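Thanks for coming. Please have the model open.

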Amino acid sequence: MSANSFDAIILGGGAAGLFCAAQAGQRGRRVLVLERAEAVGKKILISGGGRCNFTNIGAGPENYLSANPHFAKSALRRYTPRDFLGLVESHGIAWHEKTLGQLFCDGSSKQIVQMLLSECAKGDVTILTGQDVTEVVHDAGRFAVMASGTANTADKLVIATGGPSIPKMGASDYAYRLARQFGLKVVEPCPALVPLTLGGEDVLFRELSGVASDVVARAGTASFAEAALLTHRGLSGPAILQASSYWAHGEPVWLDFCPGEKGDWLVARKIATPNATATSILRKYMPERLAGVLAERLGLSGPLQGIADKALRRAQERLARWEFRPNGTEGFAKAEVTAGGISTAELSGQTMEATKVPGLYAIGEAVDVTGWLGGYNFQWAWASGHACAQAL
C-alpha cells in the first residue's frame with residue numbers, strides 16, 4: 001500500500017466515526033479518519049452539559065424513530081449499553097446514572113473523547129483534522145477521496161458526518177449530498193429534539209419565560225413525563241424536546257399540568273378545603289407564577305367554594321390537556337439531532353453497507369434513525385459504528 005492507501009476511509013470524527021475506526025483498526029484494518037473541524041468529537045464535548053450522557057441503560061428499538069422502525073434492531077442487539085459501559089469502566093472513567101436510565105461521566109466529556117482516541121491508537125488509526133473534502137470518486141471498486149489537496153484511496157468508505165443540527169459546531173448536510181451522489185435516497189431531514197415556537201394567543205405565556213414545571217407532554221401518539229420550560233419564544237425543556245420529534249407542523253401539543261390527577265379531583269379539593277383558592281391548589285404542582293396565570297386563564301378566582309362544580313370540571317379537563325399550537329421550531333441551530341437522513345431502505349441493517357454501492361457505508365446521525373433525548377443517540381452511534389466495523 002502507498003502512504004495514502006487504506007482499507008477504509010471514515011468521513012467524520014464524531015462519536016460514530018471514531019468508534020467505528022477504533023473497532024475496525026483493532027481488527028487489523030488500516031483506517032483513515034478525515035474530520036473537517038480542527039478537532040474531533042466537538043459535539044461529544046458539549047453533550048450532557050459537558051459531562052456526556054454517553055448512553056441510556058434501557059436503550060431499545062422502541063426508543064428510536066425511523067421510516068423503518070425495525071432497521072435499528074440488529075445493531076442495537078449486537079452492541080448494547082452494557083457493552084459500552086464495560087468499555088467506559090475499562091478506561092477507569094467514573095460514571096453515574098441520572099433519571100430514566102441516563103448515564104453520565106462524573107468528570108468531563110473530555111474523558112469519552114480521550115477514551116475513543118486511545119482506542120483508535122490501539123488500532124493504529126490515522127486521524128487527520130482540518131480536512132476539507134472536495135471530491136469523492138468511486139472507480140473500479142475503489143474510493144478516492146480528495147481532501148485538503150491530498151488524494152486518499154480505500155476499498156471501503158464510511159459516511160459518518162452526522163446531520164445539520166448545531167451548525168455552529170461545524171455540522172452540515174454533507175452526508176446527504178454524498179449519499180445522493182451515489183444514488184441513495186434521503187428521507188427529508190428536519191430538526192429533532194428541538195424547542196417549539198409559539199405565536200397567536202400563546203405568546204401571552206412569554207411573561208412566564210424561564211418557568212419550568214413537571215408535565216406530561218403529548219404530540220402525535222407519544223407522551224413524555226418530564227419537565228417543560230416556558231421560554232420567550234415558546235416551549236422547551238426535556239418533555240418538549242422529546243415531544244418535538246413526534247410533532248408535525250399544524251398539529252397541536254398538549255400539556256398535562258397536573259400529572260397523576262384523575263376524575264373530579266378539583267371538585268374533591270373544593271369539598272375538602274372550601275376556602276382554598278385555585279392558585280394555592282395548583283401551587284402544589286407547579287411554580288407560583290405559572291399557577292397564578294393558569295388560574296386566571298381558567299377564570300378561577302376566589303375561594304373554591306364560590307366556584308361552580310361545572311366550572312371546576314371544565315378546568316380539570318383543560319389542565320389535563322392544555323392545548324398549544326406551535327407555529328414552528330427553533331430549527332437546526334437549536335436542535336440536538338437531525339431526524340431523517342440517508343434512507344434505511346438503502347442500507348443493510350447487519351453491516352450498514354449500501355446495497356447499491358458495495359463498499360459504501362453510512363452510520364450514526366447521518367442515517368434515518370433518531371433516538372430519544374437521554375443518551376439514545378450516542379448508543380445508536382456506538383451500535384451502528386460497531387456493526388459497520390465488523391464488516392470493514
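Start with helix α8, residues 265–272, whose buried residues are Trp265, Leu266, Val267 and Lys270. Buried means under 20% relative accessible area, with exposed over 50% and partly exposed in between, using a 1.4 Å probe and protein chains only. Helices here are DSSP runs of H or I with at least four residues, strands are runs of E with at least two, and both are numbered from the N terminus.

Two notes on the source. This is a predicted model, so local features need pLDDT of at least 70 and side-chain atom pairs count only at pLDDT 80 or more, while totals for chains, interfaces and linings use all residues. Residues are numbered from 1 along each chain as its sequence is written, and side-chain values use heavy atoms, with hydrogens and water left out.

What covers the buried residues of α8? The cover includes α9 (278–282) and α11 (309–320). On the α8 side of the contact with α11 are Trp265, Leu266, Val267 and Lys270, and they meet Asp309, Leu312, Arg313, Ala315, Gln316 and Leu319. Contact means heavy atoms within 4.5 Å. By class, the residues of this contact are 6 nonpolar, 1 polar and 3 charged. Ala, Val, Leu, Ile, Met, Phe, Trp, Tyr, Cys and Pro count as nonpolar, Asp, Glu, Lys and Arg as charged, and the others, Gly among them, as polar.

Now the geometry. The axes of α8 and α11 are 8 Å apart, at an angle of about 135°. That makes α8 oblique to α11. Axes are lines fitted to C-alpha atoms, for helices over the stretch in contact, and angles run from 0 to 180 degrees between N-to-C directions. Under 35 degrees counts as roughly parallel, over 145 as roughly antiparallel, 65 to 115 as roughly perpendicular, and the rest as oblique.

Next, the rings. There are 16 aromatic pairs in the structure. Phenylalanine 19 and phenylalanine 84 have ring centres 5.9 Å apart and planes at 65°, so they are edge-to-face. Rings of Phe, Tyr and Trp (its six-membered ring) pair if their centres lie within 6.5 Å; planes under 30 degrees apart are stacked, over 60 edge-to-face, and the rest tilted. Phenylalanine 19 sits in helix α1 (residues 15–26) and phenylalanine 84 in helix α4 (residues 81–90), 65 residues apart. Both phenylalanine 19 and phenylalanine 84 are buried.

Phenylalanine 84 also forms a stacked pair with tryptophan 382, at 4.2 Å centre to centre and 5° between the planes. Tryptophan 382 is in helix α12 (residues 376–389), 298 residues from phenylalanine 84.
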